[in-house]
Amino acid sequence: MKRAASPAARSRRSLLVAALTTAALLLAGGSLAQPAPAAPTAPSAPTAPSAPTAPSAPAAPSAPTAPAAPSGSAGTASTPAQAGGGSDVEISDRAYAIARELRCPVCTAESVADSSAEIAGEMRRLIQQQLDAGKSKEQILRYFRRRYGDWILLDPPKTGLHLVVWLLPLLALLGGAAALVLLVRRWRAAAESVPDAPDEDLQRVRAALDARKDDT
Amino acid sequence: MRRLIVVVAVVAVLTGLFLYGLFRGPPNRDVPSNLIGKSAPQFTLPLYERFQSEYGTNFSLDAHKGTPMVINFWASWCTPCFDEAPLLERYYRQYRHKGVLFVGVQTQDRGKYDAGRQFIDRFGYTFPVGMDNDSSIGVEYALFGVPETYFVDRAGTVVYKQIGPVTPAVMDRELGAILR
């Protein structure tokens, strides 16, 4: 036999649906917040592969002239960058803060500041170098964006289509809160209202009550 | 009944999202390069000794304007770089007479000069190779990993970027493209 759900049960179900919808929207927002797919071909971790068997080195008068290494820390306080392959360089707090905004190209969801990958270490050096050369944070971020695109920013810029990523979680939260308010109102109204019962049933109840009165 | 349908639909969507997240596998790494269709960034690369007599101490991209070029980024620790190296050398020998110049850039490999020399010797590279010691050329080219290979046409425009080791199909197609 088909039975109608009680108002309380209906409300609970609606609440569940609202909660699940909010969660789904938040999830969708979260997945959008990772804008472009991650970097291509991350190199295998810089653990040395089997070293090539080296024939005798050619008569080498001189090593290639290596570009001068950038100077180390320049800011007031220094934060030791995480050691990586060749990346054990001290960078200033300012450089570290900028590096935290950049995505390590060969990592998954890791910032240039936190990664121990070789390229991340070199990017930290470049940031420090550019700060030492008097460039601003915006100029340095622009330098990397020009090359890698917006993908290089861990936080997508708050402009254009990227705004969706920032607004969606907020909209989902607001929607969830509004749904909750509506449901609670309906809940209360349902609790306060007298349940409808067929006249037949009411007459039977009255008769039963009258009968009890007569007995006493 | 309508409510039941809604609940089932919501649960189905959530389950779908969950399963998608669970099984979508590694992210798509085929990110298009910002450089395609643009001028190849200029760089000056300190060359290994064996190439200096022919190309000078430093290889400058500007000095080879008008030459179709293949720029290959590699590192001594990168296994796929070992895999593709014989193919690169073979194609260079095949195409050098057609005016194509290959250049090897050892990057993300700070200070590993000896490993670089061993690599070059092992594969008998005859095209110029140098060390991008601070990976600044790699950043200029928005490198994600190694190996990566750029194909640059006579006008100095980047026409293609190969992520991962090159294959004969890629080499045939893209060398044809930059020679056109």
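Select chain B and follow its elements from the N terminus: they run α-β-α-β-β-α-β-α-β-α-β-β-α, a total of 6 helices and 7 strands. Helices (H or I, at least four residues) and strands (E, at least two) are DSSP runs, numbered from the N terminus. The model is predicted: local features need pLDDT of at least 70, side-chain atom pairs count only at pLDDT 80 or more, and totals for chains, interfaces and linings use all residues. Residues are numbered from 1 along each chain as its sequence is written, while chains are lettered from A and ligands numbered from 1 in the order in which they are written.

Next, display the open sheet of chain B, in which 5 strands lie in the order β5-β4-β3-β6-β7 with mixed pairing; two strands pair if DSSP finds at least two bridges between them. Its edge strands, β5 (129–131) and β7 (158–163) of chain B, each pair on one side only.

Now select strand β4 (residues 101–106) of chain B, which runs parallel to β5(B) and is joined to that strand by 3 bridges. Here B:Val105 stands opposite B:Gly130 in β5(B). Contact requires C-beta atoms, placed from the backbone, within 7 Å.

Finally, select B:Val152. Not counting residues up to four places away in sequence, B:Val152 touches residues including B:Ala40, B:Pro68, B:Val159 and B:Ile178.

Definitions and conventions:
Two residues are in contact if their C-beta atoms, placed from the backbone, lie within 7 Å.
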